[in-house]
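Here is a short report on one protein model. Please look over the sequence and the fold before reading on.

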Amino acid sequence: MNLGRLPARAAALLLTIALAACSSPSPNLYTIATIPGPVASRPAPKVIVLRDISLARYLDRIQIVRSSENFRLGVEANDWWGEPLAQMLSRVLVQELNQRLPGSSVYAESGAVTTRPDATIELNIQRLDEDAGGSVVLLAQADVARTGKPGSTTQSISLKAPPAGTDVGSEVAAISVAVGQLADILATMLQAR
């Protein structure tokens, strides 16, 4: 055994252990669930396109934003969205609107299917995080326009959904509920004449 090489081997082993300790664990990935809602009682346009959703810039990140209260952005370092938030919201809202409006076909603007719509939905998401009391707040502006008809229907939307717990999973479940409530409002806007 060469005792002169022992310190070099020990240093290499310590370096390997230190590097392994510095590596971060795999992130926890989350997705927004679709929430079934009431089926429309009045007819809606046959073909509806949901335009690409505009997100407040502070939400446009892979990490889940817990809160934007008290002038401070609370972001989870290792709790991430499983896909870009705007695309996930679009995917979930398309599924929810198709369930709520069975006589209509709802498509996402950025999807592979392109068609001439009878109506379009434009949506700005201004807030989607917890307030100081712990409830998820969804603030949005929505516009529904019908092809060939003048004007459109615009509405500011403010929703709250209390989470069942204080963990990230509970926040994501409450976000799912709030997005389902948003789909209910959009379905009603689409049924208006």
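## Hairpins around S8

In this predicted model, strands S8 and S9 make a hairpin with five residues between them. Gly148 sits in that turn and has a positive phi of about 80 degrees. S9 covers residues 152-161 and runs antiparallel to S8, joined by ten bridges. Ala140 has Ile157 in S9 as its bridge partner.

S8 also forms a hairpin with S7, again with five residues between the strands. Here the turn holds Gly134, with a positive phi of about 95 degrees. S7 (residues 119-130) pairs with S8 in the antiparallel sense over eleven bridges. Leu128 stands opposite Leu138 of S8. S8 itself spans residues 136-146 and is mostly covered, with eight of its eleven residues buried.

## Helix H2

H2 runs over residues 85-100, 16 residues in total. From first C-alpha to last it reaches 22 Å, close to the 22 Å expected at 1.5 Å a residue. Its buried residues include Leu85, Met88, Leu89, Val92, Leu93 and Leu97. Glu96 and Arg100 in H2 are buried too.

## The cavity

How many cavities of 30 Å³ or more are there? The count comes to one. The largest cavity holds about 40 Å³ of space. Its lining consists of Leu59, Ile64, Val65, Trp81, Leu85, Leu128, Glu171 and Ile175. Strand S4 (63-67) and helix H3 (168-191) are the elements that give two or more residues to this lining.

By class, the lining has seven nonpolar residues, no polar ones and one charged residue.

Key: Residues are numbered from 1 along each chain as its sequence is written. This is a predicted model: local features need pLDDT of at least 70, side-chain atom pairs count only at pLDDT 80 or more; totals for chains, interfaces and linings use all residues. Side-chain values use heavy atoms; hydrogens and water are left out. Helices (H or I, at least four residues) and strands (E, at least two) are DSSP runs, numbered from the N terminus. The expected span of a helix is 1.5 Å times one less than its number of residues. Buried means under 20% relative accessible area, exposed over 50%, partly exposed in between (1.4 Å probe, protein chains only). Two strands pair if DSSP finds at least two bridges between them. On a 1 Å grid over the protein atoms alone, a cavity is a set of points where a 1.4 Å probe fits but cannot get out, and a pocket is an open set with protein on both sides within 12 Å along at least five of seven lines; lining residues have an atom within 4 Å of a point. Grid points are joined across faces, edges and corners, and a volume is the space filled by probe spheres set on the points. Ala, Val, Leu, Ile, Met, Phe, Trp, Tyr, Cys and Pro count as nonpolar, Asp, Glu, Lys and Arg as charged, and the others, Gly among them, as polar.
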